2 protein chains.
Amino acid sequence: MRISELSRRSAVPSATIKFYLREGLLPPGRATAATQAEYGEAHLRRLRLIRALIGVRGLTVNATREVLAAVSEHEADTHQVLGLVLGARPVDKDEEPDHGPGSSDVDVLVAQMGWQVSKYAPARRVIAETLESLRSLGADCTWRTLIPYAQLAQQTAVVDLDQLKDADDSVTRAERAVLLTILLEPALLALRRMAQEHESAVRHGG
Amino acid sequence: MRISELSRRSAVPSATIKFYLREGLLPPGRATAATQAEYGEAHLRRLRLIRALIGVRGLTVNATREVLAAVSEHEADTHQVLGLVLGARPVDKDEEPDHGPGSSDVDVLVAQMGWQVSKYAPARRVIAETLESLRSLGADCTWRTLIPYAQLAQQTAVVDLDQLKDADDSVTRAERAVLLTILLEPALLALRRMAQEHESAVRHGG
């Protein structure tokens, strides 16, 4: 297809596609004339992944280029690809794992759940900080408080990963993982708010 | 207790407590001298709720004053108090429910779940917008996609509400509801990310 059709089918303006081509995010098409090139379905899939990484995950052009290169390199290794797009940083040997306040609670939580989670996962710090701020506000919170939530998170992750199963190729799977992880987040919190409202009505009479 | 002890026990600076007193968020203490007053445990609880509403939920001083007044008015009605602090807006007769794109999916979802949720809950719009943006990115998403997530959200809400059960009074319950709802949100998303990493490792070999 020509760039105009690629633009129409992806809903990405031609000027933006040309920018991605210049920046090396999108591989060049097959030249058919001095100023014309032909693009295929792989370009369309790649373009959707770029939009997901930049527009949805909010990555910079440079960070997107790195992720795309890593996705291509590890195309056969689904776990590696998911880790890359879901933002678990690759282990940097020089970097120390987080030993800040609350981190030992997170270690116990992960051990109790039997989770295989990188020592360097940014999510660990988020949980440690949440426990710290809940405690500073007088709430009695430890890893035990989070166990039922972690069990529900595990079930959620099963639903998430099931939705990636029938993706044909690793680029599509990577794109879907970004959309599912990042875009669904506000909706999951909104579902919890609605469920709280319902549960409160059931218990206390609406 | 004197204002200095109230400050120490609440970890709120005396100057901030005096500001809350001037703004009418905190009721005055019992005057013991021309420039001295005595504060009780109720002040401490109220102060924690104010900090939760302003510092954690990010409400303005005026909005906090309104919520506190409403909490006092409906002290006996737990559901009403939870609704107030969790941000389900009271029904405004002049306001129309959301009929924007995606809202009919949300109606079906709520009906399928059998949820009692206000037509005016802000969470409805968040879910409708998420479905819309997923669709605009080419993902095939309807209310059916969200059903397994809604079922897990319902179980999460049961855990949430259970944690409010043993609160002694409605001010404490309101405070705990704010902390649980707002402060836990980033931790719940972080737990999902870790669980995804684990589930991906299990399925695809870590």
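Okay, B:Phe19 is partly exposed, with a relative accessible area of 30%. For that scale, buried means under 20% relative accessible area, exposed means over 50%, and partly exposed is in between, using a 1.4 Å probe and protein chains only. By that cut-off B:Tyr20 counts as buried, at 4%.

Before I go on: this is a predicted model, where local features need pLDDT of at least 70 and side-chain atom pairs count only at pLDDT 80 or more, while totals for chains, interfaces and linings use all residues. Residues are numbered from 1 along each chain as its sequence is written, chains are lettered from A in the order in which they are written, and side-chain values use heavy atoms, with hydrogens and water left out.

So, aromatics. Over all chains there are two aromatic pairs. Rings of Phe, Tyr and Trp (its six-membered ring) pair if their centres lie within 6.5 Å; planes under 30 degrees apart are stacked, over 60 edge-to-face, and the rest tilted. A:Phe19 and A:Tyr20 have ring centres 6.0 Å apart and planes at 50 degrees, so that pair is tilted. B:Phe19 and B:Tyr20 also have centres 6.0 Å apart and planes at 50 degrees, so they make a tilted pair too. In chain A, A:Phe19 is partly exposed at 30%, and A:Tyr20 is buried at 4%.

Now the copies. How does chain A lie on chain B? A turn of 180 degrees and a shift of 0.0 Å along the axis does it, with an RMSD of 0.1 Å.

A:Ala11 isn't a glycine, yet has a positive phi of about 60 degrees. You'll find A:Ala11 in the loop between helix H1 (3-10) and helix H2 (14-22) of chain A, and it's exposed at 61%. Helices here are DSSP runs of H or I, at least four residues, numbered from the N terminus. B:Ala11 has a positive phi of about 60 degrees as well, and is exposed at 60%.

Last one: helix H4 of chain B, residues 61-73. Which of its residues are buried? They're B:Thr64, B:Val67, B:Leu68, B:Ala70 and B:Val71. Down the axis of H4(B), these fall within an arc of 165 degrees (taken from the directions from the helix axis to the C-beta atoms), so they line one face of the helix. The face turned away from that buried side carries the exposed B:Glu66 and B:Glu73.

Methods. Helices (H or I, at least four residues) and strands (E, at least two) are DSSP runs, numbered from the N terminus. Copies are superposed by least squares on the C-alpha atoms of residues with pLDDT of at least 70 in both.
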